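User: Hey, can you walk me through this model? I'd like to start with the aromatic residues.

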Amino acid sequence: MDGSLTLPADVVAELGRRVWELVSEHGDAAGQGAGKERATQGRAVERALPVASPGARGLAAGLRGEPLPEAAAGDPLALVDAVGRLLREGNAHPDHPDFLAFVPSPGTVTGVLGAALAAGFAVPTGWRFTGAVSSAIESAAVRWLVELLGLSPRYSGLFVSGGSTANLTALTAARDALVGTEAPGATAYFSDQTHLSVPRALHVLGIGRDRVRVLPADAQRRIPVADLVRRVARDRRDGLRPFLVVANAGTTATGDVDPLPELAAFCRDEGLWLHVDGAFGAPAALTARGRAALAGLDAADSVSVDPHKWLFQPAGTGCVLLRDPARLGHAFGVALPGYLEAGATADGDGEVDYLQWGVEQTREFRALRLWMSLKVFGADAFRAAVERGMRTADDTAAYIRCRPEFEVVTGPSLAVVTFRGVPPADAPPRSPAEVDGLVEEVCRDLRAEGRAMVVPVGVGGRRVFRLCVINPRVERDGVRGVVDRIAELWTARAGSRERPGGTA
Ligand SMILES: Cc1ncc(COP(=O)(O)O)c(C=O)c1O
């Protein structure tokens, strides 16, 4: 035991080869490579990899109690193979074309390669002293993202771990800019369709629930501007300090977009900070119709966007952009202690040490993933991939409309469609709660058979089916096949005399 934690070069080479084999086998099975999926007999699509395996819970249970491995693994290659099996069979696959729940994470192989290279070189990204090139690549990737989204070149920011951190980072800058760290009376506004990371960020910032206004959304699931105006005026009369409106550019549940131009005008007049949560939906702005749907995005004070969602990067790749990025320095900038002084670099034209713009000092080199992907595929391929998601949503909605078993409830909006089941004519009468229970059961059946990952959402107080089809490897026939299967399961469940979750 010499404590050097190294392996012989030939073992490392073999392990590396095997790891890459496993990654590329997975990528192929999830449709990223040559494509193992085969269309058979028209619509049915055969997959080499189920979207989730029924044995996952059993695998997980065995791992939790494992003792600390005091001795070295006899055969590291066997260990790598065992890990491959765990990852294949123990988790659902958000990059799989049949993963249509939540917001999928349909990565690209270039993003994975970027992540591997960055980890392999232990790349420093917190500052330019040790990370001159990584800082420059991050700055370029942020600038490209700003350009892709059609924002003014004034916007800049940094890569963070995801939408939740992006929202927290932006809201911290907003609080410090408008109401100061103590934030007495500071009050924030958003709709009940807003992602949970927003109220959580306000909680972290010390803005208590009594100063968070969650406005019930209107029938189009958008923030009601007239209610917002009234509420802000009332809070001002009560001596509070309204400072922040959070707008959705693509709600998670239905892909709806808040009225950004009206909100921007109101925030400008009232001196409020407008943060747009585009973690999921902002990339729609890569396309002409998406940019029209997101008109007003360029009036935001800050924007969250997650490249690990609709820009096809591995999990852990988020980004926050500010119209006045110096606000990040005001919120997060620190005087370097003596042991770091050697690393101080004078800020040049737009150059920054990223540790001064966010909460992380040692940071993953997330930017390389998007930078490499854009270099390899080119921006137009990304525009086409986003457009493809929206076209797939159009087609899916049209297909659902043709089916007697279903009615479209919302969308297609930013590649999300929701729909409800119509009970068969001879179905027994059921209460709304029982019909909601059937929707849950059908989604559970679908997951249990490994056919597709679909999770219902609430719209207008009822549970509905929801499909999010941003994965550019989703084939039209593949998603139609999922709709067909939902129809079969729905008809069987809704036509049956059994009560949901129980017996007749
Ligand atoms: C609109 C929106 N905002 C924020 C988030 C949080 O993003 P993350 O899971 O990357 O933290 C999500 C996640 O789905 C989202 O849909």
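User: What should I know about the model before we go on?

Analyst: This is a predicted model, where local features need pLDDT of at least 70, side-chain atom pairs count only at pLDDT 80 or more, and totals for chains, interfaces and linings use all residues. Residues are numbered from 1 along each chain as its sequence is written, and side-chain values use heavy atoms, with hydrogens and water left out.

User: OK. How many aromatic pairs are there by that rule?

Analyst: The count is 11 aromatic pairs. One of them is phenylalanine 312 with phenylalanine 382, a tilted pair at 6.0 Å centre to centre, with 40 degrees between the planes.

User: Where do phenylalanine 312 and phenylalanine 382 lie?

Analyst: Phenylalanine 312 is in the loop between α11 (307-310) and β9 (318-322), and phenylalanine 382 is in helix α14 (residues 379-402), so the pair ties together parts that are 70 residues apart in sequence. Helices (H or I, at least four residues) and strands (E, at least two) are DSSP runs, numbered from the N terminus.

User: Are they buried or exposed?

Analyst: Both phenylalanine 312 and phenylalanine 382 are buried. Buried means under 20% relative accessible area, exposed over 50%, and partly exposed is in between (1.4 Å probe, protein chains only).

User: And what about phenylalanine 406 and phenylalanine 419, how are their planes set?

Analyst: Their planes are at 75 degrees and the ring centres are 4.9 Å apart, so that pair is edge-to-face. Phenylalanine 406 sits in strand β10 (residues 406-413) and phenylalanine 419 in strand β11 (residues 416-421), so this pair ties together parts 13 residues apart in sequence. Phenylalanine 406 is buried at 4% relative accessible area, and phenylalanine 419 is buried at 0%.

User: Which other residue than glycine has a positive phi?

Analyst: Alanine 122, with phi near 45 degrees. Alanine 122 is in the loop between α4 (109-120) and α5 (132-148), and it is exposed, with a relative accessible area of 64%.

User: Since you mention α5, what length should it span?

Analyst: At 1.5 Å a residue, its 17 residues should span 24 Å, and the end C-alpha atoms are 24 Å apart, which agrees. The expected span here is 1.5 Å times one less than the number of residues. Buried residues of α5 include Ile137, Ala141, Val142 and Leu145. After α5 comes glycine 150, with a positive phi near 75 degrees.

User: Switching topic: which residues come nearest the ligand?

Analyst: Of the 15 residues around the ligand, Gly163, Ser164, Thr252, Asp277 and His308 come nearest. A residue is near a molecule or strand if one of its heavy atoms lies within 4 Å of it.

User: What polar atoms lie by the ligand's nitrogen and oxygen atoms?

Analyst: A polar side-chain atom of aspartate 277 lies 2.6 Å from a ligand nitrogen. For ligand oxygens, a backbone N or O atom of glycine 163 lies 2.9 Å from one, and a polar side-chain atom of aspartate 306 lies 2.9 Å from one.

User: How much of the ligand's accessible area does the protein cover?

Analyst: The protein covers 83% of the 390 Å² that the ligand has on its own. Accessible areas come from the Shrake-Rupley method with a 1.4 Å probe; for residues, only the protein chains shown count as cover.

User: Last one: how many helices and strands are in the protein?

Analyst: There are 16 helices and 13 strands. Of the 504 residues, 50% count as buried.

Technical notes: Rings of Phe, Tyr and Trp (its six-membered ring) pair if their centres lie within 6.5 Å; planes under 30 degrees apart count as stacked, over 60 as edge-to-face and the rest as tilted. A polar contact is a pair of N or O atoms within 3.5 Å; within protein, one must be able to donate a hydrogen and the other to accept it, and residues adjacent in sequence count only if both atoms are side-chain atoms.
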